[in-house]
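Thanks for coming. I will go through one model this morning, chain by chain, and then look at where the chains meet.

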Amino acid sequence: MENRKEEKPTYPKYAPGTHVRTSDIRDKKITYTWWEPEIQYAWSLGNAMSKFLQGLKEGKILGVHCHKCNRLIVPPRSFCEYCYGPTEDWVELKDTGTINTYSVSYLDPNANRIEEPILIGVISIDEAYPKPMGFMHYFGEMSKDEIHIGMKVKAVWKPEDEREGSINDIKYFKPLGGGE
Amino acid sequence: MIKKDVAVIGAGMTLFRRRLKETGKELSFLASKMAMEDAGIQKKDLDMVVMGTAPDAFDGIHMKGENLLDGAAGAGKPYVRVFNGGGTGVFAPIAGWWHVASGVADVCLVVAEEKMGSCYPHPQTAFRHIWDPILDRPLNPNLVWLFAMEMNRYMTVHNIKKEDIARVAVKNKRNAVGHPCAQLADPNITVDDVLNSEMMAWPVQRLDISPPSDGAAALIFVSEDVARQYTDNPIWIDGVGWNIDSTMWTNRDLYFPRYVAKAARMAYKMAGISNPRKDIDFAEPYDPFDYKELHHMEGLLLCDKGEAPILTREGVTQRDGDLPICPSGGLLGVGNPIAATMGQKVCELYWQLAGKAGKRQIPGDPRIGVGQAWGDIMQMATVMVMRR
(Lines give C-alpha, C1' and ligand atoms only; values in the text may rest on other atoms or scores of the structure.)
Protein backbone atom coordinates (compact mmCIF):
# COMPACT_ATOMS: atom_id res chain seq x y z
CA MET A 1 0.00 0.00 0.00
CA GLU A 2 2.77 2.44 0.97
CA ASN A 3 4.63 1.62 -2.24
CA ARG A 4 1.59 2.16 -4.41
CA LYS A 5 1.15 5.58 -2.87
CA GLU A 6 4.72 6.58 -3.67
CA GLU A 7 4.24 5.70 -7.32
CA LYS A 8 1.66 8.46 -7.75
CA PRO A 9 3.06 11.40 -9.71
CA THR A 10 3.70 14.67 -7.99
CA TYR A 11 1.66 17.57 -9.40
CA PRO A 12 2.49 19.81 -11.08
CA LYS A 13 3.99 17.03 -13.20
CA TYR A 14 6.45 19.41 -14.84
CA ALA A 15 7.65 22.95 -14.17
CA PRO A 16 7.88 24.97 -17.40
CA GLY A 17 10.05 28.07 -17.62
CA THR A 18 13.68 29.00 -18.32
CA HIS A 19 15.81 30.33 -15.48
CA VAL A 20 17.82 33.46 -16.32
CA ARG A 21 20.71 34.57 -14.11
CA THR A 22 21.69 38.17 -13.48
CA SER A 23 25.02 37.35 -15.11
CA ASP A 24 23.19 36.17 -18.26
CA ILE A 25 21.85 39.70 -18.65
CA ARG A 26 25.12 41.40 -17.74
CA ASP A 27 27.01 39.18 -20.19
CA LYS A 28 24.30 39.71 -22.83
CA LYS A 29 23.64 35.98 -23.09
CA ILE A 30 19.96 36.78 -23.48
CA THR A 31 18.38 39.59 -25.45
CA TYR A 32 16.48 42.30 -23.61
CA THR A 33 15.17 45.83 -23.97
CA TRP A 34 15.72 48.60 -21.44
CA TRP A 35 13.56 51.56 -20.49
CA GLU A 36 14.06 54.30 -17.93
CA PRO A 37 10.83 56.17 -17.23
CA GLU A 38 10.88 59.89 -16.59
CA ILE A 39 7.76 60.87 -14.73
CA GLN A 40 7.10 63.39 -11.98
CA TYR A 41 4.23 64.16 -9.64
CA ALA A 42 3.11 67.08 -7.49
CA TRP A 43 0.47 66.13 -4.94
CA SER A 44 -1.78 68.76 -3.44
CA LEU A 45 -2.10 67.95 0.21
CA GLY A 46 -5.84 68.30 0.69
CA ASN A 47 -7.71 69.92 3.55
CA ALA A 48 -6.66 67.89 6.59
CA MET A 49 -3.01 67.32 5.66
CA SER A 50 -2.48 70.97 4.69
CA LYS A 51 -3.55 71.97 8.18
CA PHE A 52 -1.48 69.25 9.86
CA LEU A 53 1.67 70.12 7.93
CA GLN A 54 1.16 73.85 8.58
CA GLY A 55 1.03 72.85 12.25
CA LEU A 56 4.34 71.01 11.96
CA LYS A 57 5.86 74.12 10.37
CA GLU A 58 4.79 76.00 13.50
CA GLY A 59 6.26 73.30 15.75
CA LYS A 60 2.88 71.81 16.70
CA ILE A 61 1.41 68.33 16.33
CA LEU A 62 -2.29 68.74 15.59
CA GLY A 63 -5.03 66.17 16.08
CA VAL A 64 -8.75 66.17 15.35
CA HIS A 65 -11.73 64.58 17.12
CA CYS A 66 -14.33 62.08 16.06
CA HIS A 67 -16.70 62.58 18.99
CA LYS A 68 -19.01 59.82 17.85
CA CYS A 69 -16.24 57.16 17.99
CA ASN A 70 -14.47 58.86 20.91
CA ARG A 71 -11.23 59.24 18.94
CA LEU A 72 -8.63 61.99 19.02
CA ILE A 73 -7.02 61.25 15.68
CA VAL A 74 -3.45 61.83 14.53
CA PRO A 75 -2.51 62.04 11.69
CA PRO A 76 -5.73 64.01 11.29
CA ARG A 77 -8.13 63.55 8.38
CA SER A 78 -11.31 65.20 7.18
CA PHE A 79 -13.51 62.23 8.09
CA CYS A 80 -13.54 59.23 10.41
CA GLU A 81 -12.99 56.03 8.41
CA TYR A 82 -15.06 53.97 10.88
CA CYS A 83 -18.32 55.92 11.49
CA TYR A 84 -17.85 57.80 8.21
CA GLY A 85 -18.84 61.12 9.73
CA PRO A 86 -16.84 64.37 9.48
CA THR A 87 -14.13 65.06 12.07
CA GLU A 88 -14.18 68.28 14.12
CA ASP A 89 -12.45 70.27 16.88
CA TRP A 90 -8.77 70.47 16.02
CA VAL A 91 -6.40 70.56 19.02
CA GLU A 92 -2.68 70.88 19.59
CA LEU A 93 -1.13 67.75 21.13
CA LYS A 94 1.99 67.52 23.25
CA ASP A 95 4.96 66.34 21.18
CA THR A 96 5.57 63.32 23.41
CA GLY A 97 4.62 59.70 22.97
CA THR A 98 5.47 56.03 23.42
CA ILE A 99 7.24 53.71 20.99
CA ASN A 100 4.53 51.31 19.79
CA THR A 101 6.92 49.33 17.59
CA TYR A 102 10.25 49.85 15.84
CA SER A 103 12.91 48.37 13.60
CA VAL A 104 16.68 48.71 13.32
CA SER A 105 17.19 48.87 9.57
CA TYR A 106 20.35 48.04 7.64
CA LEU A 107 18.50 48.64 4.35
CA ASP A 108 18.11 51.91 2.49
CA PRO A 109 14.96 52.61 0.43
CA ASN A 110 16.37 50.71 -2.56
CA ALA A 111 17.39 47.69 -0.46
CA ASN A 112 21.07 48.72 -0.56
CA ARG A 113 22.97 47.72 2.58
CA ILE A 114 24.05 50.46 5.00
CA GLU A 115 26.59 50.28 7.85
CA GLU A 116 25.00 52.66 10.35
CA PRO A 117 21.46 51.41 11.01
CA ILE A 118 18.36 53.59 10.79
CA LEU A 119 16.10 53.49 13.86
CA ILE A 120 12.50 53.73 12.68
CA GLY A 121 9.14 53.02 14.21
CA VAL A 122 5.63 54.07 15.18
CA ILE A 123 5.12 56.66 17.91
CA SER A 124 1.80 56.55 19.73
CA ILE A 125 1.23 60.21 20.64
CA ASP A 126 0.48 60.65 24.37
CA GLU A 127 -2.69 62.72 24.24
CA ALA A 128 -4.26 61.00 21.22
CA TYR A 129 -6.61 58.03 21.59
CA PRO A 130 -7.50 55.21 21.40
CA LYS A 131 -3.99 53.72 21.41
CA PRO A 132 -2.11 53.16 19.24
CA MET A 133 -2.69 56.55 17.64
CA GLY A 134 0.27 58.17 15.95
CA PHE A 135 2.66 58.03 13.00
CA MET A 136 5.93 56.63 11.72
CA HIS A 137 9.19 58.48 12.33
CA TYR A 138 12.89 58.13 13.05
CA PHE A 139 14.47 57.78 16.48
CA GLY A 140 17.71 59.43 17.59
CA GLU A 141 19.92 60.10 20.63
CA MET A 142 19.53 56.44 21.57
CA SER A 143 21.41 53.29 20.57
CA LYS A 144 19.97 50.18 18.96
CA ASP A 145 20.47 48.46 22.32
CA GLU A 146 18.53 51.09 24.25
CA ILE A 147 15.48 51.39 22.00
CA HIS A 148 12.47 49.33 23.14
CA ILE A 149 8.71 49.11 22.79
CA GLY A 150 7.10 51.20 25.54
CA MET A 151 9.95 53.74 25.60
CA LYS A 152 8.79 57.33 26.27
CA VAL A 153 9.96 59.73 23.56
CA LYS A 154 9.80 63.40 22.61
CA ALA A 155 10.04 65.13 19.22
CA VAL A 156 13.23 66.92 18.22
CA TRP A 157 12.27 69.74 15.86
CA LYS A 158 14.23 71.38 13.08
CA PRO A 159 15.07 75.04 13.75
CA GLU A 160 12.05 77.20 12.90
CA ASP A 161 13.61 78.79 9.82
CA GLU A 162 14.36 75.37 8.31
CA ARG A 163 10.82 73.98 8.66
CA GLU A 164 8.86 73.74 5.45
CA GLY A 165 5.57 72.02 6.30
CA SER A 166 6.77 68.43 6.07
CA ILE A 167 6.85 65.36 8.30
CA ASN A 168 10.60 66.00 8.27
CA ASP A 169 10.08 69.25 10.23
CA ILE A 170 10.46 66.79 13.10
CA LYS A 171 14.03 65.47 12.85
CA TYR A 172 13.38 62.41 15.01
CA PHE A 173 12.07 61.37 18.42
CA LYS A 174 14.54 61.16 21.33
CA PRO A 175 14.23 59.54 24.76
CA LEU A 176 12.09 61.65 27.10
CA GLY A 177 14.38 62.82 29.91
CA GLY A 178 13.31 62.73 33.55
CA GLY A 179 13.01 66.52 33.84
CA GLU A 180 10.89 67.02 30.70
CA MET B 1 -27.77 33.97 -3.33
CA ILE B 2 -25.14 31.44 -4.49
CA LYS B 3 -26.67 29.82 -7.55
CA LYS B 4 -24.11 27.13 -8.33
CA ASP B 5 -21.55 25.12 -6.40
CA VAL B 6 -18.09 25.60 -7.88
CA ALA B 7 -15.60 22.80 -8.51
CA VAL B 8 -11.88 22.89 -9.29
CA ILE B 9 -10.91 20.42 -12.00
CA GLY B 10 -7.39 21.41 -13.02
CA ALA B 11 -4.33 23.42 -12.02
CA GLY B 12 -1.04 24.53 -13.54
CA MET B 13 2.09 26.27 -12.35
CA THR B 14 5.38 27.36 -13.91
CA LEU B 15 8.86 27.27 -12.49
CA PHE B 16 9.39 30.03 -9.91
CA ARG B 17 12.75 31.79 -10.18
CA ARG B 18 14.26 35.23 -9.47
CA ARG B 19 14.17 35.77 -13.23
CA LEU B 20 12.64 33.73 -16.05
CA LYS B 21 13.37 34.23 -19.72
CA GLU B 22 9.69 33.93 -20.71
CA THR B 23 7.55 37.07 -20.97
CA GLY B 24 4.52 37.50 -18.74
CA LYS B 25 2.31 36.45 -21.63
CA GLU B 26 4.36 33.31 -22.18
CA LEU B 27 4.29 32.42 -18.49
CA SER B 28 0.51 32.91 -18.46
CA PHE B 29 0.26 30.64 -21.48
CA LEU B 30 2.41 27.90 -19.92
CA ALA B 31 0.48 27.82 -16.63
CA SER B 32 -2.93 28.05 -18.33
CA LYS B 33 -2.09 25.36 -20.86
CA MET B 34 -1.07 22.99 -18.06
CA ALA B 35 -4.30 23.63 -16.14
CA MET B 36 -6.39 23.17 -19.29
CA GLU B 37 -4.61 19.90 -20.14
CA ASP B 38 -5.12 18.72 -16.56
CA ALA B 39 -8.83 19.50 -16.78
CA GLY B 40 -9.34 18.27 -20.35
CA ILE B 41 -10.46 21.74 -21.49
CA GLN B 42 -9.70 23.75 -24.61
CA LYS B 43 -9.83 27.49 -25.15
CA LYS B 44 -13.20 27.25 -26.89
CA ASP B 45 -14.69 25.67 -23.74
CA LEU B 46 -13.84 28.68 -21.56
CA ASP B 47 -16.78 30.97 -20.85
CA MET B 48 -14.76 33.58 -18.97
CA VAL B 49 -11.22 34.37 -17.83
CA VAL B 50 -9.96 36.09 -14.68
CA MET B 51 -6.40 37.43 -14.50
CA GLY B 52 -4.72 38.27 -11.19
CA THR B 53 -1.52 40.28 -11.31
CA ALA B 54 0.01 42.74 -8.85
CA PRO B 55 1.57 46.23 -9.05
CA ASP B 56 2.09 47.49 -12.60
CA ALA B 57 5.31 49.11 -11.43
CA PHE B 58 7.08 45.71 -11.27
CA ASP B 59 6.70 45.20 -15.01
CA GLY B 60 6.66 48.87 -15.90
CA ILE B 61 3.59 48.09 -18.02
CA HIS B 62 0.44 49.93 -17.05
CA MET B 63 -2.63 48.26 -18.54
CA LYS B 64 -0.83 45.09 -17.47
CA GLY B 65 -4.04 43.05 -17.59
CA GLU B 66 -4.42 43.90 -21.25
CA ASN B 67 -0.76 43.18 -21.92
CA LEU B 68 -1.18 39.66 -20.51
CA LEU B 69 -4.57 39.02 -22.11
CA ASP B 70 -3.51 36.92 -25.12
CA GLY B 71 -1.30 34.67 -22.99
CA ALA B 72 -4.15 34.11 -20.57
CA ALA B 73 -6.55 32.74 -23.22
CA GLY B 74 -8.65 35.86 -22.76
CA ALA B 75 -8.75 37.24 -26.32
CA GLY B 76 -12.34 37.34 -27.53
CA LYS B 77 -13.69 36.36 -24.09
CA PRO B 78 -15.27 38.14 -21.14
CA TYR B 79 -12.01 38.91 -19.30
CA VAL B 80 -11.18 40.92 -16.21
CA ARG B 81 -8.01 41.64 -14.27
CA VAL B 82 -8.25 41.89 -10.50
CA PHE B 83 -5.61 43.25 -8.18
CA ASN B 84 -5.35 43.91 -4.48
CA GLY B 85 -1.66 43.69 -3.75
CA GLY B 86 -0.41 40.56 -2.02
CA GLY B 87 -4.02 39.49 -1.50
CA THR B 88 -4.36 38.87 -5.25
CA GLY B 89 -3.14 35.25 -5.12
CA VAL B 90 -6.35 34.23 -3.39
CA PHE B 91 -8.51 37.11 -4.62
CA ALA B 92 -8.16 36.09 -8.30
CA PRO B 93 -9.67 32.65 -7.56
CA ILE B 94 -12.35 34.32 -5.41
CA ALA B 95 -13.28 36.39 -8.48
CA GLY B 96 -13.23 33.22 -10.60
CA TRP B 97 -15.50 31.59 -8.04
CA TRP B 98 -18.13 34.32 -8.24
CA HIS B 99 -18.11 34.18 -12.05
CA VAL B 100 -19.29 30.56 -11.73
CA ALA B 101 -21.22 30.70 -8.43
CA SER B 102 -23.40 33.49 -9.86
CA GLY B 103 -24.46 31.22 -12.70
CA VAL B 104 -22.94 33.56 -15.29
CA ALA B 105 -20.19 31.14 -16.41
CA ASP B 106 -19.98 27.33 -16.42
CA VAL B 107 -16.25 27.21 -17.12
CA CYS B 108 -13.81 29.88 -15.91
CA LEU B 109 -10.03 30.01 -16.19
CA VAL B 110 -8.18 31.86 -13.42
CA VAL B 111 -4.61 32.91 -14.26
CA ALA B 112 -2.18 34.60 -11.90
CA GLU B 113 1.09 36.03 -13.21
CA GLU B 114 3.98 38.05 -11.89
CA LYS B 115 7.35 39.15 -13.23
CA MET B 116 9.30 40.96 -10.54
CA GLY B 117 12.69 40.37 -12.14
CA SER B 118 12.18 43.04 -14.80
CA CYS B 119 12.44 45.86 -12.27
CA TYR B 120 15.93 47.31 -11.65
CA PRO B 121 17.93 47.57 -9.54
CA HIS B 122 15.50 45.62 -7.34
CA PRO B 123 11.69 45.24 -7.11
CA GLN B 124 12.01 47.06 -3.77
CA THR B 125 12.33 50.20 -5.87
CA ALA B 126 8.81 49.65 -7.20
CA PHE B 127 7.53 49.08 -3.67
CA ARG B 128 8.54 52.67 -2.86
CA HIS B 129 5.53 53.74 -4.90
CA ILE B 130 2.99 52.08 -2.60
CA TRP B 131 3.67 54.35 0.40
CA ASP B 132 1.54 57.34 1.29
CA PRO B 133 3.15 60.28 -0.55
CA ILE B 134 2.53 62.90 2.12
CA LEU B 135 3.57 61.40 5.45
CA ASP B 136 5.47 58.18 4.69
CA ARG B 137 7.47 58.76 1.52
CA PRO B 138 9.42 61.81 2.77
CA LEU B 139 10.94 59.45 5.39
CA ASN B 140 12.43 57.32 2.58
CA PRO B 141 10.97 54.04 3.84
CA ASN B 142 11.95 50.56 2.75
CA LEU B 143 9.06 48.09 2.56
CA VAL B 144 10.85 45.63 4.84
CA TRP B 145 10.49 48.23 7.63
CA LEU B 146 6.75 47.59 7.69
CA PHE B 147 7.12 43.89 8.29
CA ALA B 148 9.95 44.39 10.75
CA MET B 149 7.73 46.72 12.78
CA GLU B 150 4.78 44.32 12.66
CA MET B 151 7.00 41.34 13.55
CA ASN B 152 8.53 43.22 16.48
CA ARG B 153 5.09 44.18 17.79
CA TYR B 154 3.86 40.57 17.47
CA MET B 155 6.98 39.16 19.16
CA THR B 156 6.93 41.70 21.98
CA VAL B 157 3.21 41.42 22.83
CA HIS B 158 3.41 37.62 23.08
CA ASN B 159 7.04 37.37 24.27
CA ILE B 160 7.95 35.14 21.30
CA LYS B 161 11.55 34.05 20.75
CA LYS B 162 13.09 34.53 17.32
CA GLU B 163 14.09 30.89 17.15
CA ASP B 164 10.42 29.86 17.36
CA ILE B 165 9.72 32.06 14.36
CA ALA B 166 12.77 30.74 12.48
CA ARG B 167 11.30 27.23 12.72
CA VAL B 168 8.68 28.30 10.16
CA ALA B 169 11.33 29.19 7.56
CA VAL B 170 13.07 25.85 8.20
CA LYS B 171 9.84 23.86 7.86
CA ASN B 172 8.71 25.58 4.69
CA LYS B 173 12.06 25.49 2.89
CA ARG B 174 12.24 21.77 3.72
CA ASN B 175 8.63 21.17 2.63
CA ALA B 176 9.48 22.82 -0.71
CA VAL B 177 11.95 20.03 -1.50
CA GLY B 178 9.00 18.06 -2.89
CA HIS B 179 7.87 20.90 -5.18
CA PRO B 180 9.08 20.85 -8.81
CA CYS B 181 8.67 24.65 -9.16
CA ALA B 182 10.51 25.61 -5.96
CA GLN B 183 13.04 28.44 -5.94
CA LEU B 184 14.48 28.11 -2.40
CA ALA B 185 13.98 24.51 -1.32
CA ASP B 186 16.64 23.40 1.15
CA PRO B 187 16.60 19.93 2.72
CA ASN B 188 19.42 20.75 5.13
CA ILE B 189 18.52 24.20 6.46
CA THR B 190 18.57 24.64 10.24
CA VAL B 191 17.22 27.15 12.75
CA ASP B 192 20.79 28.36 13.28
CA ASP B 193 21.12 29.11 9.56
CA VAL B 194 18.12 31.43 9.82
CA LEU B 195 19.28 33.04 13.08
CA ASN B 196 22.77 33.59 11.66
CA SER B 197 21.63 34.99 8.31
CA GLU B 198 22.23 38.64 7.38
CA MET B 199 20.37 41.17 9.51
CA MET B 200 18.21 43.30 7.20
CA ALA B 201 15.86 45.28 9.45
CA TRP B 202 15.72 43.90 12.96
CA PRO B 203 14.03 41.55 13.72
CA VAL B 204 13.88 40.56 10.03
CA GLN B 205 16.88 38.59 8.75
CA ARG B 206 17.61 37.39 5.25
CA LEU B 207 16.21 33.86 5.71
CA ASP B 208 13.03 35.19 7.36
CA ILE B 209 12.00 36.59 3.95
CA SER B 210 10.66 34.98 0.80
CA PRO B 211 12.43 35.97 -2.43
CA PRO B 212 11.16 38.11 -5.32
CA SER B 213 10.22 35.80 -8.19
CA ASP B 214 8.87 35.41 -11.71
CA GLY B 215 6.14 32.84 -12.26
CA ALA B 216 2.54 32.03 -13.09
CA ALA B 217 -0.21 29.67 -11.93
CA ALA B 218 -3.65 28.76 -13.26
CA LEU B 219 -6.86 27.03 -12.20
CA ILE B 220 -9.99 25.78 -13.98
CA PHE B 221 -13.30 26.31 -12.18
CA VAL B 222 -16.56 24.74 -13.36
CA SER B 223 -20.14 24.76 -12.16
CA GLU B 224 -21.79 21.76 -10.51
CA ASP B 225 -23.81 21.31 -13.73
CA VAL B 226 -20.79 20.33 -15.83
CA ALA B 227 -18.20 19.17 -13.28
CA ARG B 228 -18.95 15.46 -13.72
CA GLN B 229 -18.45 15.74 -17.47
CA TYR B 230 -14.80 16.45 -16.81
CA THR B 231 -13.86 14.49 -13.70
CA ASP B 232 -15.06 11.86 -11.24
CA ASN B 233 -13.30 13.65 -8.41
CA PRO B 234 -14.06 17.37 -8.38
CA ILE B 235 -12.71 19.43 -5.49
CA TRP B 236 -15.29 21.93 -4.22
CA ILE B 237 -14.91 25.55 -3.19
CA ASP B 238 -16.96 25.74 0.00
CA GLY B 239 -16.34 29.27 1.20
CA VAL B 240 -14.65 32.54 0.27
CA GLY B 241 -13.99 35.65 2.34
CA TRP B 242 -12.15 38.92 2.03
CA ASN B 243 -11.70 41.99 4.17
CA ILE B 244 -9.54 45.10 4.27
CA ASP B 245 -8.69 47.30 7.24
CA SER B 246 -7.93 51.03 7.27
CA THR B 247 -4.88 52.27 5.36
CA MET B 248 -3.95 54.31 8.46
CA TRP B 249 -1.75 51.50 9.74
CA THR B 250 -0.07 53.63 12.43
CA ASN B 251 -3.47 53.85 14.14
CA ARG B 252 -3.88 50.06 14.40
CA ASP B 253 -2.28 47.54 16.78
CA LEU B 254 -0.38 45.28 14.41
CA TYR B 255 0.02 42.38 16.83
CA PHE B 256 -3.18 40.73 15.54
CA PRO B 257 -4.57 40.85 11.96
CA ARG B 258 -8.24 41.41 12.76
CA TYR B 259 -9.07 41.79 9.04
CA VAL B 260 -7.84 38.19 8.49
CA ALA B 261 -10.21 37.01 11.22
CA LYS B 262 -13.09 38.88 9.55
CA ALA B 263 -12.30 37.36 6.15
CA ALA B 264 -11.94 33.90 7.73
CA ARG B 265 -15.27 34.18 9.55
CA MET B 266 -16.95 35.14 6.27
CA ALA B 267 -15.47 32.10 4.51
CA TYR B 268 -16.15 29.70 7.39
CA LYS B 269 -19.77 30.81 7.66
CA MET B 270 -20.27 30.13 3.96
CA ALA B 271 -18.55 26.75 4.30
CA GLY B 272 -20.59 25.77 7.37
CA ILE B 273 -17.45 25.54 9.50
CA SER B 274 -18.30 26.29 13.11
CA ASN B 275 -15.08 25.03 14.70
CA PRO B 276 -12.16 25.76 12.38
CA ARG B 277 -9.60 24.11 14.68
CA LYS B 278 -11.46 20.81 14.48
CA ASP B 279 -12.93 20.97 11.00
CA ILE B 280 -9.91 22.16 8.99
CA ASP B 281 -7.37 19.47 8.17
CA PHE B 282 -4.58 21.67 6.77
CA ALA B 283 -3.89 25.27 5.81
CA GLU B 284 -1.87 27.38 3.42
CA PRO B 285 -1.65 30.76 5.20
CA TYR B 286 0.34 33.48 3.44
CA ASP B 287 4.00 33.27 4.45
CA PRO B 288 6.04 36.01 2.72
CA PHE B 289 7.88 36.20 6.06
CA ASP B 290 8.15 33.38 8.58
CA TYR B 291 6.32 35.31 11.33
CA LYS B 292 3.43 35.93 8.90
CA GLU B 293 2.56 32.22 8.83
CA LEU B 294 2.12 32.34 12.63
CA HIS B 295 0.29 35.67 12.54
CA HIS B 296 -2.08 34.30 9.90
CA MET B 297 -2.70 30.97 11.68
CA GLU B 298 -3.97 33.10 14.54
CA GLY B 299 -5.94 35.37 12.19
CA LEU B 300 -7.48 32.30 10.56
CA LEU B 301 -8.66 31.25 14.05
CA LEU B 302 -6.72 27.98 13.85
CA CYS B 303 -5.27 28.64 17.31
CA ASP B 304 -5.25 31.23 20.11
CA LYS B 305 -3.42 34.53 19.84
CA GLY B 306 0.25 33.85 20.54
CA GLU B 307 -0.19 30.07 20.31
CA ALA B 308 1.05 29.51 16.74
CA PRO B 309 4.78 29.56 17.65
CA ILE B 310 4.12 26.94 20.34
CA LEU B 311 2.30 24.64 17.89
CA THR B 312 5.19 25.10 15.47
CA ARG B 313 7.79 24.24 18.12
CA GLU B 314 5.80 21.12 19.06
CA GLY B 315 5.74 19.90 15.44
CA VAL B 316 1.96 20.19 15.06
CA THR B 317 2.36 22.18 11.82
CA GLN B 318 4.73 19.73 10.12
CA ARG B 319 3.42 17.87 7.07
CA ASP B 320 2.81 14.78 9.22
CA GLY B 321 1.56 16.77 12.24
CA ASP B 322 -2.03 17.23 13.41
CA LEU B 323 -2.41 20.53 11.56
CA PRO B 324 -0.06 20.66 8.55
CA ILE B 325 0.70 24.28 7.60
CA CYS B 326 2.15 25.23 4.19
CA PRO B 327 2.73 21.68 2.95
CA SER B 328 3.56 23.21 -0.46
CA GLY B 329 6.68 24.84 0.95
CA GLY B 330 4.92 28.20 0.93
CA LEU B 331 6.35 31.46 -0.28
CA LEU B 332 9.46 30.94 1.85
CA GLY B 333 10.35 27.73 0.04
CA VAL B 334 8.69 27.88 -3.38
CA GLY B 335 9.01 31.63 -4.06
CA ASN B 336 6.98 34.82 -3.99
CA PRO B 337 5.80 36.03 -7.40
CA ILE B 338 3.07 38.08 -5.68
CA ALA B 339 -0.17 37.12 -7.48
CA ALA B 340 1.20 33.81 -8.76
CA THR B 341 1.49 32.54 -5.18
CA MET B 342 -1.98 31.27 -6.04
CA GLY B 343 0.13 28.20 -6.93
CA GLN B 344 0.89 27.53 -3.25
CA LYS B 345 -2.20 29.00 -1.63
CA VAL B 346 -4.97 27.60 -3.86
CA CYS B 347 -3.53 25.16 -6.44
CA GLU B 348 -1.89 23.33 -3.53
CA LEU B 349 -5.27 22.92 -1.79
CA TYR B 350 -6.53 21.29 -4.99
CA TRP B 351 -3.51 19.00 -5.36
CA GLN B 352 -3.60 17.95 -1.71
CA LEU B 353 -7.36 17.32 -1.64
CA ALA B 354 -7.25 15.45 -4.96
CA GLY B 355 -4.42 13.25 -3.64
CA LYS B 356 -2.13 14.57 -6.37
CA ALA B 357 0.57 16.18 -4.22
CA GLY B 358 2.89 13.16 -4.54
CA LYS B 359 6.04 13.81 -2.52
CA ARG B 360 4.26 16.65 -0.71
CA GLN B 361 1.11 14.66 0.06
CA ILE B 362 -0.25 15.09 3.58
CA PRO B 363 -0.89 11.65 5.12
CA GLY B 364 -4.41 10.72 6.19
CA ASP B 365 -6.47 11.84 3.18
CA PRO B 366 -7.20 15.45 4.16
CA ARG B 367 -10.79 16.51 3.52
CA ILE B 368 -10.91 20.28 4.13
CA GLY B 369 -8.18 22.87 3.52
CA VAL B 370 -7.99 26.66 3.81
CA GLY B 371 -5.78 28.99 1.77
CA GLN B 372 -5.15 32.65 2.50
CA ALA B 373 -3.29 35.62 1.06
CA TRP B 374 -2.48 39.00 2.52
CA GLY B 375 -1.36 42.34 1.23
CA ASP B 376 -1.41 46.10 0.82
CA ILE B 377 -0.18 48.09 3.85
CA MET B 378 -0.79 45.21 6.29
CA GLN B 379 -4.53 45.43 5.72
CA MET B 380 -5.90 43.00 3.10
CA ALA B 381 -6.95 39.39 3.66
CA THR B 382 -8.37 36.91 1.16
CA VAL B 383 -9.49 33.42 2.23
CA MET B 384 -10.72 30.32 0.40
CA VAL B 385 -11.97 27.02 1.87
CA MET B 386 -11.89 23.88 -0.28
CA ARG B 387 -13.31 20.43 0.32
CA ARG B 388 -12.81 16.98 -1.19
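A word on terms before anything else: helices (H or I, at least four residues) and strands (E, at least two) are DSSP runs, numbered from the N terminus. What you see is a predicted model, in which local features need pLDDT of at least 70, side-chain atom pairs count only at pLDDT 80 or more, and totals for chains, interfaces and linings use all residues. Residues are numbered from 1 along each chain as its sequence is written, while chains are lettered from A and ligands numbered from 1 in the order in which they are written.

I start with chain B. It has 15 helices and 11 strands. Its radius of gyration is 19 Å, close to the 21 Å that the globule rule gives for 388 residues, so chain B is as compact as a globular protein of that length. That radius is taken over C-alpha atoms, and the rule is 2.2 Å times the number of residues to the power 0.38. The C-alpha trace of chain B spans about 55 × 45 × 40 Å along its principal axes.

Next, burial. A residue is buried if 20 or more other C-beta atoms lie within 10 Å of its own, exposed if 12 or fewer, and partly exposed in between, with C-beta atoms placed from the backbone. By that count, 65% of the 388 residues in chain B are buried. For contacts, two residues qualify if their C-beta atoms, placed from the backbone, lie within 7 Å. Of the contacts in chain B with a separation of 6 or more, 78% are between residues 24 or more positions apart.

One helix to look at is α4 of chain B, residues 88-101. This helix has 14 residues and reaches 19 Å from its first C-alpha to its last, close to the 20 Å expected at 1.5 Å a residue; the expected span is 1.5 Å times one less than the number of residues.

Two strands pair if DSSP finds at least two bridges between them. In chain B, nine strands form an open sheet with mixed pairing, in the order β3-β2-β4-β7-β1-β8-β11-β10-β9. The edges are β3 (79-82) and β9 (282-284), each with a single partner strand, so one side of each is left without a neighbour in the sheet. On average, neighbouring strands here are turned by 25° against each other, direction ignored. Such angles run from 0 to 180 degrees between N-to-C directions, with axes as lines fitted to C-alpha atoms, for helices over the stretch in contact.

Two loop residues of chain B have positive phi without being glycine. B:Asn159, with phi near 55°, lies between α6 (143-158) and α7 (162-175). B:Asn159 counts as exposed because it has 8 C-beta neighbours inside 10 Å. B:Asp376, with phi near 60°, lies between β10 and β11 (380-387). B:Asp376 is partly exposed, with 17 other C-beta atoms within 10 Å.

On to chain A. Three of its strands form an open antiparallel sheet in the order β2-β1-β3. The edge strands are β2 (71-73) and β3 (88-93), each pairing on one side only. From one strand to the next the twist averages 35°. Five bridges join β1 (residues 61-66) to β3(A), with A:Leu62 and A:Glu92 as bridge partners.

Chain A also has cis peptide bonds. One runs from A:Val74 to A:Pro75, with omega near 0°, and A:Pro75 lies in the loop between β2 and β3. Another runs from A:Tyr129 to A:Pro130, with omega near -5°; A:Pro130 lies in the loop between β5 and β6 of chain A.

Last, where the chains meet. The contact takes 45 residues from chain A and 53 residues from chain B. Which strand of chain A gives the most to that side? β4(A) does, with seven residues. β4(A) also pairs with β5 (residues 199-202) of chain B, antiparallel, over two bridges, and A:Val104 has B:Trp202 as its bridge partner. Within chain B, a hairpin then joins β5(B) to β6(B) through one residue.
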